[in-house]
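Please walk through this model one region at a time.

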Amino acid sequence: MTNQSTSVAEQATLAISSVNTGVFIDGEWGESASGARFEVINPATEGIIATVANGDASDARRAIEACNRVQKQWAKTSPRERSEILRRAYDLVMDRQEQLALIMTSEMGKPLPEARGEVAYAAEFLRWFSEEAVRIGGDTTLTGDGKNRIIVTKEPVGPCVLVTPWNFPLAMGTRKIGPAIAAGCTIVFKPADLTPLTSLALVDILVEAGVPKGVLNVVCTTAPGDVVGTWMSSGIARKISFTGSTAVGVRLLEQASEHVMRSSMELGGNAPFIVFADADLDRSVDGAVAAKMRNMGEACTAANRLFVHRSIAAEFGRKLADKLSQLSVGNGINPGIDVGPLVEERALAKIQGLVDDAIAKGATVTCGGQRAQGAGYFFQPTVLSEVSPDSELMSQEIFGPVAPVIPFDEEQEVIDLANDTPWGLVGYVFTQDVDRGLRMSEALEVGMVGLNTGIVSNPAAPFGGVKSSGLGREGGRVGIDEFLEYKYIAVPRT
């Protein structure tokens, strides 16, 4: 290890040591009711970097009760006050970009430059919703017969349950917490147990920015069913916002139905990446690298199935393999690293199983195909050519650095293949034919389309999917509406 990387590693250790690792309830940090803690593992080294308070149902009850006590008072705060809290939080996040990036890379593996990018992306949700807080509007009009005035107002939905995943530990937190605070909702927040430290650092920043006691409560746990289940059954929570697997999302929707809770679900994906014969080949390859390799492929927006017109499929596969084989794999804390580890050993086993299955069914490995040697949960960037439609990775979310290339011949054929999935989060289309691009954008059963681009996520845009990819939208102008209830007041004209 070089002197430079040793220095960065020491900075990471210092950053981690600054994080409060307890439960945060009613404005106070403390140990869990049981006193139990769980370990946080660095996936690049397999070493323990911290322990975190392991919350249970009793902690969860205290947290949701704290929300209940202050909800009415918090809802009455002025939009400007909530806006300024979020703006201060934005500034603090950006001031601590390096510290947050070091924590993130240490606990989930993404290379440090990419972690810095996530911090900036996450901060933008705080700034965006600080601006939306003062733009919560309403409406007034007359009934058709002119006899009554219609006044429409918007009010906070109430205490919210926010559950975030491990793959974007800062951005998923700000994408949910930002609009909840802007709308005037109180919060119980459960970060992922694989990557709790970044989220806990965010909590400290929000408190420093001025979030009042009881408004934001956080319980980390390795028993999410006990903690989140307590919140869902409490009768206090009025909203659930969850990002994670479809299977867990379905269970939460079942629980939400008992109290008719508002629900936002950002669930799994199986994104088609479609390249037509007339596409700019180099641009489409660069787009594939961006859509596939962000976060080592551990993203719900990752290109999962790469459909390439048969006339260019071989050349596309070679060019993509050349790009991916040049990427440097290693500990993301070190300079010059392009691809970090997967988050845990279980993810490695899943990826290897999917690759082996595809090979057994006729796929050719153009590059990669195996776990990298040594400590850490590393998998080589992989391109598979001539992938059979009945391969398991065609119907599963890969969540790793594996790009299967599937040739197609006709437009309708690829539309049918792309839509042949229960998921519908995002699709990518590369073509120089404007009419075809718009036609494909309409035909794909997804909530978002990247037309000649491999990146779609942006705080100013509504993020979300259709079918089993979820309900509702996060970000954009509509993001705050997920945390607001509309109230209609009828007033006779006298």
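Helix α10 covers residues 281–293, and its 13 residues should span 18 Å at 1.5 Å a residue. The end C-alpha atoms are 18 Å apart, which agrees. The expected span is 1.5 Å times one less than the number of residues. Helices (H or I, at least four residues) and strands (E, at least two) are DSSP runs, numbered from the N terminus.

This is a predicted model, in which local features need pLDDT of at least 70, side-chain atom pairs count only at pLDDT 80 or more, and totals for chains, interfaces and linings use all residues. Residues are numbered from 1 along each chain as its sequence is written, and side-chain values use heavy atoms, with hydrogens and water left out.

Look at the start of α10. A side-chain oxygen of Asp280 comes to within 3.2 Å of the backbone nitrogen of Asp282. After the helix comes Asn295, with a positive phi near 60°. Which residues of α10 are buried? They are Leu281, Ser284, Val285, Gly287, Ala288, Val289, Ala291, Lys292 and Met293. Buried means under 20% relative accessible area, exposed over 50%, and partly exposed in between (1.4 Å probe, protein chains only). An α-helix has 3.6 residues a turn, so residues three or four places apart point the same way. The buried residues of α10 pack against β12 (271–275), β13 (303–309), α11 (310–325), β16 (402–408) and β18 (426–430).

On a 1 Å grid over the protein atoms alone, a cavity is a set of points where a 1.4 Å probe fits but cannot get out. A pocket is an open set with protein on both sides within 12 Å along at least five of seven lines. Lining residues have an atom within 4 Å of a point. Grid points are joined across faces, edges and corners, and a volume is the space filled by probe spheres set on the points.

The largest pocket has a volume of about 1200 Å³. Its lining has 47 residues, and the closest to its centre are Trp166, Phe242, Gly244, Ser245 and Val248. Helix α9 gives the largest share of this lining, 5 residues. The pocket lining holds 23 nonpolar, 13 polar and 11 charged residues. Here Ala, Val, Leu, Ile, Met, Phe, Trp, Tyr, Cys and Pro count as nonpolar, Asp, Glu, Lys and Arg as charged, and the others, Gly among them, as polar.

How many cavities of 30 Å³ or more are there? The count comes to 4. The largest cavity holds about 50 Å³ of space. Among the residues that line this cavity are Ala290, Ala291 and Arg294, along with Tyr428. Its lining divides into 7 nonpolar, 3 polar and 1 charged.

Turn to single residues. Ser106 sits in helix α4 (residues 97–108). Ser106 counts as buried because its relative accessibility is 6%. A polar atom of its side chain lies 2.8 Å from the backbone oxygen of Leu102. Beyond four places in sequence, Ser106 is in contact (heavy atoms within 4.5 Å) with residues including Ala12, Ile41 and Ile333.

Ser469 lies in the loop between β20 (466–467) and β21 (470–471). At 0% relative accessibility, Ser469 is buried. Residues touching Ser469, beyond four places in sequence, include Met265, Trp423 and Leu425.

Val211 lies in the loop between α7 (196–209) and β9 (216–218). Val211 is buried, at 8% relative accessibility. The C-alpha atoms of Val211 and Leu86 are 8.7 Å apart, though 125 residues separate them along the chain.

Notes: A polar contact is a pair of N or O atoms within 3.5 Å; within protein, one must be able to donate a hydrogen and the other to accept it, and residues adjacent in sequence count only if both atoms are side-chain atoms.
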